[in-house]
Amino acid sequence: MGEQASHEKREREEARATEGAGAGQQPLLLGVIGDPIQHSKSPAMHTAALEACGIAGAYLPFHVKGNRLEEAIRGIRALGFRGINVTVPHKVEVMSCLDRIDEGARLIGAVNTIVNDEGVLTGYNTDGIGYIRSLKEEAAPELKGKRVLVLGSGGAARGIVYALLQEQPGLVTIANRTAEKARELAAEWAHLGSLSGCGMEELDAVLPGVDLIINTTSVGMHPHVGDCPLNARQIPEGIVVSDLIYNPLKTELLRQAEVRGCTIHSGLGMFIYQGAYAFERWTGRSAPIEAMRAAVLASMHQ
Ligand code: NAP
């Protein structure tokens, strides 16, 4: 091929690559890193969001092992990615590879969203705020003054409790199988609100006064779908019961709560809204929630 022809071919390829992105704009490059990653629903959800907003771009899954994490993060700058999501097991380790960490993510101790502003990488945690947005929109619009019981004190609980405390609840009790971990978390964030920690065996004294129960333990998750973190008789009638688990969509806890006349809330909303906050940070646009929800549900049924 002559020099002129090859130059024209290159120009055509560049034009095709930016087609639909607007004059002079590059397609928006996004992705998610984790190990493993093939099960992730994030690519289906964000691809649907980009399409619904008419934004030219791509969101791809990348299988990154721990020993390549730093290289992968440097690649964000080198390749001009606008941002990525970070999932298990990199949410904590990735923090040391970033230029800035948002205050909430620093206190929670984990990052699930990175934004690239012209080479400056900032880490955020959208899990907790995503959960609270979903809870308020789908089940409990007002959290101020409410008495909340959080079951579990692992990684997900940290994000939930931190975001919950911004809503000024009346009292948050954290109960965990390993009681010491619940007490430690309550002591760590005592300055942020009214918090206490206890063991699961102390729940009979706590449960009668609660307005909302949030399960952040993995009890009841596929394949152990018959397991429940509480005895059904312990669930107060008519309150709100929420479960972070979204496989299955209706856990045994939610099934039992429904029988007792409670409003129930599943973990699917948390997954969608953590993605919505990330999408809004990357694009500056409102996330198309219903398109994202439909894409996740469709990918779950595949
Ligand atoms: P994690 O850090 O491993 O914490 C697990 C928690 O569950 C701990 O408090 C642990 O208690 C408790 N637990 C585990 N097995 C138990 C049992 N047999 N009996 C009583 N307690 C038990 O896990 P994580 O990252 O926080 O995730 C927790 C759950 O949240 C998972 O089901 C995950 O799928 C879900 N999640 C959902 C979303 C979403 O988008 N919807 C996002 C993140 C996580 P000990 O401290 O005593 O071990």
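How many nonpolar, polar and charged residues are in the lining of the largest pocket? The first legend gives the counts by class.

The structure is a predicted model, in which local features need pLDDT of at least 70 and side-chain atom pairs count only at pLDDT 80 or more, while totals for chains, interfaces and linings use all residues. Residues are numbered from 1 along each chain as its sequence is written, and side-chain values use heavy atoms, with hydrogens and water left out.

**View 1. Lining of the largest pocket.** The largest pocket holds about 1200 Å³ of space. Of its 38 lining residues, Thr87, Val88, Lys91, Tyr246 and Phe271 are the closest to its centre. A pocket is an open set of points on a 1 Å grid over the protein atoms alone where a 1.4 Å probe fits, with protein on both sides within 12 Å along at least five of seven lines; lining residues have an atom within 4 Å of a point. By class, the lining comprises 17 nonpolar, 17 polar and four charged residues. Here Ala, Val, Leu, Ile, Met, Phe, Trp, Tyr, Cys and Pro count as nonpolar, Asp, Glu, Lys and Arg as charged, and the others, Gly among them, as polar. At least two lining residues come from each of strand E3 (83-86), helix H6 (155-165) and helix H10 (268-283), and H6 gives the most, with four. Helices (H or I, at least four residues) and strands (E, at least two) are DSSP runs, numbered from the N terminus.

**View 2. Two cis peptide bonds.** Histidine 222 and proline 223 are joined by a cis peptide bond with omega of about 10°. Proline 223 belongs to the loop between strand E10 (212-215) and strand E11 (240-243). The bond from asparagine 247 to proline 248 is also cis, with omega near 10°, and proline 248 lies in the loop between E11 and helix H9 (252-259).

**View 3. Glutamate 118, a residue with positive phi.** Phi of this residue is near 50°, and glutamate 118 sits in the loop between strand E5 (113-117) and strand E6 (120-124). Glutamate 118 counts as exposed because its relative accessibility is 85%. Exposed means over 50% relative accessible area, buried under 20% and partly exposed in between (1.4 Å probe, protein chains only).

View 4. Asparagine 215, in strand E10, counts as buried because its relative accessibility is 0%. Residues up to four places away in sequence aside, its contacts (heavy atoms within 4.5 Å) include Leu151, Pro229, Ser242 and Asp243.

Conventions
Points joined across faces, edges and corners; volume = space filled by probe spheres on them.
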